[in-house]
Amino acid sequence: MVGIIVGSTVLADLLQSFEMKRHTVAVEDLRPGRVAGMLARLARRVPLVVAVFFMAVSFFAFMKLLSVADLSFAVPVTAASVALETVLARLILKEKVTALRWAGALSVACGVALLAM
Amino acid sequence: MAAGRAVAQEVQITSTGARRVDLKTKLLTVFVVVTNVLGNFSMSWGMKHQATDLGWAPLGYIRLIFTPWVLLGTTLLILWLLSRMTLLGWADLSYVLPMTSIGYVLSAVLGKVFFGELVTWQRWLGTSFIVVGIVFVGLTAANTTRQEPAR
């Protein structure tokens, strides 16, 4: 169950980050009168639709996990993706991951692992 | 020593202004965290009080979504999804992930307060690691793939 959640989360995040960087949402688009139009535009982007599909898989797997595990276990354990996604952000999304950001991401990953104990 | 130099260099880079994290990105990060934590809490509360084995049948999950707490949780998580998508357009994935991980700490606190879940010394230590990691990542530029932040 945890593997399904992590795998689908990683794919969803990479797709979302890639696509949202190409078509950034402006602050003005978040106003009540313009949100519907913004959502309609987002819904037409295939990578985002695929990302939402993977998020739905992750969501239902998470619901199943919550029904059998503590919240304080279920939430942290699904964050095993933090380190993996940082590596993929560097390799695929070409983000500049500095030494400080690596240190921060690793510290968070260690913290999340400890929270899951 | 090396970590100290890295911090000093990073602060110098971010203090140049052009790549500093802007207010809208900070506010949206807070919104993403709050909707995620409250959404997960509502979901968990609803699931605990439902107390039935869902099995693998989709109908059971769909019926469950329309119970009050799970519906509230789902609504908050939809808001979280949309706001996080927007945030991913404004900031790096490798920035967003650690910065929003404070939600794990808040979830653990809510788990202890409302569900009486055990918070061991390992979990407190984990909380400290996460906070340190967030401080480190918070010192880096939010968006390294574009020169100017999106408007």
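## What "buried" means here

A residue counts as buried when its relative accessible area is under 20%. E95(A) comes in at 1%, so E95(A) is buried. Keep in mind that this is a predicted model.

Side chains of opposite charge can pair when their charged atoms come close. E95(A) does this with K21(A), and their closest N and O atoms are 3.9 Å apart. K21(A) sits in helix α1 of chain A, while E95(A) is in the loop between α5 and α6, so the pair ties together parts that are 74 residues apart in sequence. K21(A) is buried too, with a relative accessible area of 16%.

Helix α1 of chain A also holds E19(A) and R22(A), about one helical turn from each other because they are three residues apart. They form a salt bridge with a closest N and O distance of 3.0 Å. E19(A) is buried at 3%, whereas R22(A) is exposed at 51%.

## Where the chains meet

Now for the two chains together: 65 residues of chain B are in contact with 57 residues of chain A. The area buried between them is about 5,100 Å², and carbon and sulfur atoms give 71% of that. M85(B), Y104(B) and R123(B) supply 13% of the area that chain B buries against chain A, more than any other three residues.

Two salt bridges link the chains. In one of them, D13(A) pairs with R84(B) at 2.7 Å between the closest N and O atoms. That pair runs from helix α1 of chain A to helix α4 of chain B, and both residues are buried. D92(B) and R101(A) also form a salt bridge, with their closest N and O atoms 2.9 Å apart.

Key
Residues are numbered from 1 along each chain as its sequence is written. Chains are lettered from A and ligands numbered from 1 in the order in which they are written. This is a predicted model: local features need pLDDT of at least 70, side-chain atom pairs count only at pLDDT 80 or more; totals for chains, interfaces and linings use all residues. Side-chain values use heavy atoms; hydrogens and water are left out. Contact means heavy atoms within 4.5 Å. Buried area is the accessible area (1.4 Å probe) that two parts lose on being put together, summed over both. A salt bridge is a side-chain nitrogen of Lys or Arg within 4 Å of a carboxyl oxygen of Asp or Glu. Helices (H or I, at least four residues) and strands (E, at least two) are DSSP runs, numbered from the N terminus. Buried means under 20% relative accessible area, exposed over 50%, partly exposed in between (1.4 Å probe, protein chains only).
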